[in-house]
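Colleague: I am new to this one, so please take me through it term by term. For each name that you use, I would like to hear what makes it apply.

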Number of protein chains: 2
Amino acid sequence: MSTESRILCPQLQQKVMSADEAAAMIPAGATVGMSGFTGAGYPKAVPGALAERIKAHNATGAAPFRINVLTGASTAPELDGKLAEVDGIELRLPFQSDPICRDRINTGSMNYTDLHLSEVSQYAWSGFFGKMDIAVIEVIGIREDGSLIPSSSVGNNKTWIEQADKVILEVNSKQPLRMEGMHDVYYGTALPPHRKPIMLTEAGQRIGEHYLRCPIEKVVAVVETDSPDRNSPFKKPDDASRKIAEHILEFFDREIKLGRLPKELLPLQSGVGNIPNAVLEALDSGPYKNLTAYTEVIQDGMLKMLKSGTLSVASATSFSLSPDGIAEFEENIELYREKIILRQQDISNHPEVARRLGVIATNGMIEADIYGNVNSTHVMGTRMMNGIGGSGDFARNGYLSIFMSPSTAKDGKISAIVPMVSHVDHTEHDVKIIVTEQGLADLRGLSPRQRALEVINKCAHPDFKAQLLDYYERACASGRGMHTPHLLSEALSWHERFEQTGTMKPE
Amino acid sequence: MSTESRILCPQLQQKVMSADEAAAMIPAGATVGMSGFTGAGYPKAVPGALAERIKAHNATGAAPFRINVLTGASTAPELDGKLAEVDGIELRLPFQSDPICRDRINTGSMNYTDLHLSEVSQYAWSGFFGKMDIAVIEVIGIREDGSLIPSSSVGNNKTWIEQADKVILEVNSKQPLRMEGMHDVYYGTALPPHRKPIMLTEAGQRIGEHYLRCPIEKVVAVVETDSPDRNSPFKKPDDASRKIAEHILEFFDREIKLGRLPKELLPLQSGVGNIPNAVLEALDSGPYKNLTAYTEVIQDGMLKMLKSGTLSVASATSFSLSPDGIAEFEENIELYREKIILRQQDISNHPEVARRLGVIATNGMIEADIYGNVNSTHVMGTRMMNGIGGSGDFARNGYLSIFMSPSTAKDGKISAIVPMVSHVDHTEHDVKIIVTEQGLADLRGLSPRQRALEVINKCAHPDFKAQLLDYYERACASGRGMHTPHLLSEALSWHERFEQTGTMKPE
Ligand SMILES: CC(C)(COP(=O)(O)OP(=O)(O)OC[C@H]1O[C@@H](n2cnc3c(N)ncnc32)[C@H](O)[C@@H]1OP(=O)(O)O)[C@@H](O)C(=O)NCCC(=O)NCCS
Ligand SMILES: CC(C)(COP(=O)(O)OP(=O)(O)OC[C@H]1O[C@@H](n2cnc3c(N)ncnc32)[C@H](O)[C@@H]1OP(=O)(O)O)[C@@H](O)C(=O)NCCC(=O)NCCS
């Protein structure tokens, strides 16, 4: 397919230029809304060209050139990596997972605001982030009337185009044009007091349009690209992931037998990563049929499930596929187009919809404490890993929230079950199920002390169990409050010990 | 009005008996759903009769007689107080604020599960709490067909009646019968995958029925009572409350000028207590007209606002009025009946509706930390105060979340702004505004380090400001992560110091 044929709007053909020319339109200090969600659908050329420009600018010794970068979620080295490398980002939101970005955040040279992904567009609309100067959006084609065929992620693109004064489009001919028709862009949102119910009652329902609207006069540049999304191969599930998946499947079986879950379960939300992928694989080899997914990201595991019929439909806002996954997707795209819907992230993660559909939220965590509080973001209380992402959108409002992790990290030196988490992203009120390879703790309806025993006995690694019980028992004997017994001077000592000695184990 | 005339259903007239006889039907170990929300509409007689029975039973030296008590929210001495006094409660949920209960919880003799109030009924329906044996519900009248006129709170009554095997009704002739018609009981809820949109788009809209349905054959006893709800006089707003209210009004003014709030604001949710009441008073003496409330509880302040026209309508699930408030309410009940709607708590607090309406959530807190995490429940990390109540329902899903407290407690010995909260109920992702009498910190869009300076500079008491800055600066200089700088070995030391020396101030 020739590149020209992807820009069908005559006025916009006139605006085609190089990435360097387009990047020159982004001023220092600008707030820039970029496309991109979990390494899919981010602009491939303009961020890098801008980074070059920033580097050249900074080499002159002039005042630093920095911009605020707002995206859907994480992007890739071509965007976050390049801009962070030249120290070009003043403020980054709402999510990242880039090593160079992370380093800048944790050494204090980049401000990062990590937000519930469902809330970003309403904040932008409300004006809480100030004015948006420019949007840089990857699409896979421009139609004759100037409307846009979205790319492999929708993310916040609708909002950025609406909010920005100017729009730069990247038309990426590497993305299969036959994705056209998979997207569902909903133009019914509003700010209060004008909001109406979102009439989604099934994961597979369409409520919007196939295309992004974009006023032609806003578009200041069109850049042609031809590069693939970030995509890394999946590891085969390891032993811990497989055991975690087994515990979850046993749990589902029991809940179905008890009549607390239908045999098609409820729409699955699944975080990204190896453990969630192992859970999907396990579901696919189990007896399940006609499951549905209402989630953020389509991973390889979901393609397999759609093909086998385990999954009848998957709603998300982006793809995160390995090279094999992409090949499979492109080969059978007609099949997948029927069964996959890509929505903007304020709908894919909407609290109203997550609650109504009764999503089963399964997400990774860094650590949990004995009382059921979960830390998803901060290593040792201070260093940002990635961000909360969509986990809060689904965990708070869904039907079940499941948090998963191996019971130890860093070769067994860190316990993922601790006396008190060093940062809270999901409170004791929101965490229903905690799973490690050791077992599954079902916290529903339990008081804090009941939860403590459940978590320690089911989830802790044998190397740390006695140490946790000892903490708990001494906290109970301390004479302080018995609702949530703690020894305040020791509650965070495991983390402190790790920082000082490299292990949470006592000498 | 004579008591007889309130029980119009002939079959149920047959079931009238004494509270002692009714209480005899509650077996040891039972799970009992009781009416009651914030000291309104709780059963007045059966719990006390049951407490007497438990006391007599326990005096025989037999195995302890205890029950699980599920309510709407907090009740009163006649319920929580009496049952806790005889140690008759095994598990209490979802909320309490009773001194005797609190003491049992904090000394470890009562299990307490504190839950988002919007979620209780879905958990009960899902079967997560096990079987409900019996419901004890206060109503203000029984109609000829056996349907029930709800009392001064609706709470979880619909769910308890549906879920319980047996129902005991208390018909309280002290409650004004002219409340009939104020309630709106919605029978459109379901468990997923059968949920439909809740078509509420305005605080004042009615979507349900005036009465509670109740199968006549479930009713095993009807008890007549004639006692008022718990009601305590309001204190006149003190200086700190008035200053907090001023800061909030200034903030609203600014947001209106910036076009980020309409001049009628957005539906107000207001916690219970003196500070929220002061905010209501301040709003009432300001220029506001035609505000709306979508909240849990109608306090005195709201009656005044409804009368003056500051408020056009108030939706809630219960009343919490002072003796003066009750007199005013009864005198002008025709006026208030037009403007007040009482809903079940799964609708008054529903995430879907709170998000759609864009509620402004204003709630009290125990403490906040410099990074914007809020503790609403735990004193010094271990002792339960009341519970999270509805604050999370509104704070997470509403348009703005405002948390308020004087900057110090206990005669200035405790700082309400601390390095790290000793318990997290509302995470940094959910807290938008923090207010003390010192000022208002607007955290929207800020990174953690930006938030720290905003919170310390705007909200901390002068006695603690230097100490907080010192902590923050040393944390920044520690060489650990600069995203959320902390000194783990000191983060909770202020609380520990208070426990040991009676003050958070250093020696
Ligand atoms: C929490 C989260 C980081 C776990 O990621 P994962 O890939 O499943 O888990 P891993 O075990 O591979 O851990 C990732 C890293 O965290 C480290 N880690 C895990 N637990 C840790 C702990 N308790 N303490 C310190 N480090 C820990 C691992 O060692 C690993 O580090 P490395 O990359 O240097 O090897 C990830 O799930 C996440 O970012 N969650 C928040 C966002 C979210 O939930 N999104 C879901 C909606 S899409
Ligand atoms: C947090 C909460 C307890 C504050 O209550 P309040 O009546 O506004 O505030 P007060 O300043 O009177 O404080 C209440 C008590 O807590 C104590 N307190 C307040 N801050 C404290 C702190 N930082 N450390 C220790 N104790 C503290 C006060 O001293 C007072 O104790 P006392 O009763 O022994 O005098 C209350 O708002 C609450 O229970 N919130 C959670 C539920 C909720 O938000 N519901 C809203 C939806 S209806």
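Modeller: Let me begin with the polar contact, which is a pair of N or O atoms within 3.5 Å; within protein, one atom must be able to donate a hydrogen and the other to accept it, and residues adjacent in sequence count only if both atoms are side-chain atoms. This is a predicted model, in which local features need pLDDT of at least 70 and side-chain atom pairs count only at pLDDT 80 or more, while totals for chains, interfaces and linings use all residues. Residues are numbered from 1 along each chain as its sequence is written, chains are lettered from A and ligands numbered from 1 in the order in which they are written, and side-chain values use heavy atoms, with hydrogens and water left out.

Colleague: What makes the pair of A:Asn386 and ligand 1 a polar contact?

Modeller: A polar side-chain atom of A:Asn386 is 2.7 Å from an oxygen atom of ligand 1, and because the limit is 3.5 Å, the pair qualifies. An oxygen atom of the ligand also lies 2.9 Å from an N or O atom in the side chain of A:Lys410, and a nitrogen atom of ligand 1 is 2.8 Å from a polar backbone atom of A:Ile366. Of the 950 Å² of accessible area that ligand 1 has on its own, the protein covers 73% (areas by the Shrake-Rupley method with a 1.4 Å probe; for residues, only the protein chains shown count as cover).

Colleague: Which residues come nearest to ligand 1?

Modeller: A:Glu296, A:Asn363, A:Ile366, A:Asn386 and A:Lys410 come nearest among the 19 residues around ligand 1, where a residue is near if one of its heavy atoms lies within 4 Å. That shell divides into eight nonpolar, nine polar and two charged residues, with Ala, Val, Leu, Ile, Met, Phe, Trp, Tyr, Cys and Pro taken as nonpolar, Asp, Glu, Lys and Arg as charged, and the others, Gly among them, as polar.

Colleague: Why are B:Glu352 and A:Arg356 said to meet in a salt bridge?

Modeller: The distance from N to O between their side chains is 3.0 Å, and since a salt bridge asks for a side-chain nitrogen of Lys or Arg within 4 Å of a carboxyl oxygen of Asp or Glu, the name applies. Side chains of opposite charge can pair when their charged atoms come close. Another pair is A:Glu334 with A:Arg337, at 2.5 Å from N to O; both lie in helix α12 (residues 333–339) of chain A, three residues apart, about one turn of the helix.

Colleague: How do you know how many residues of chain B and chain A take part in the contact?

Modeller: Contact means heavy atoms within 4.5 Å, and the contact takes 86 residues from each of chain A and chain B. About 7,300 Å² is buried between the two chains, with 52% given by carbon and sulfur atoms; buried area is the accessible area (1.4 Å probe) that two parts lose on being put together, summed over both. Across this interface, 44 residue pairs are in polar contact, both at pLDDT 80 or more. The side of chain B that touches chain A takes its largest share, five residues, from α14(B) (helices are DSSP runs of H or I, at least four residues, and strands of E, at least two, numbered from the N terminus).

Colleague: What is the peptide bond from A:Pro192 to A:Pro193, cis or trans?

Modeller: That bond is cis, with omega near 10°, and A:Pro193 lies in the loop between β8 (183–184) and β9 (219–225) of chain A. The bond from B:Pro192 to B:Pro193 is likewise cis, with omega near 10°.
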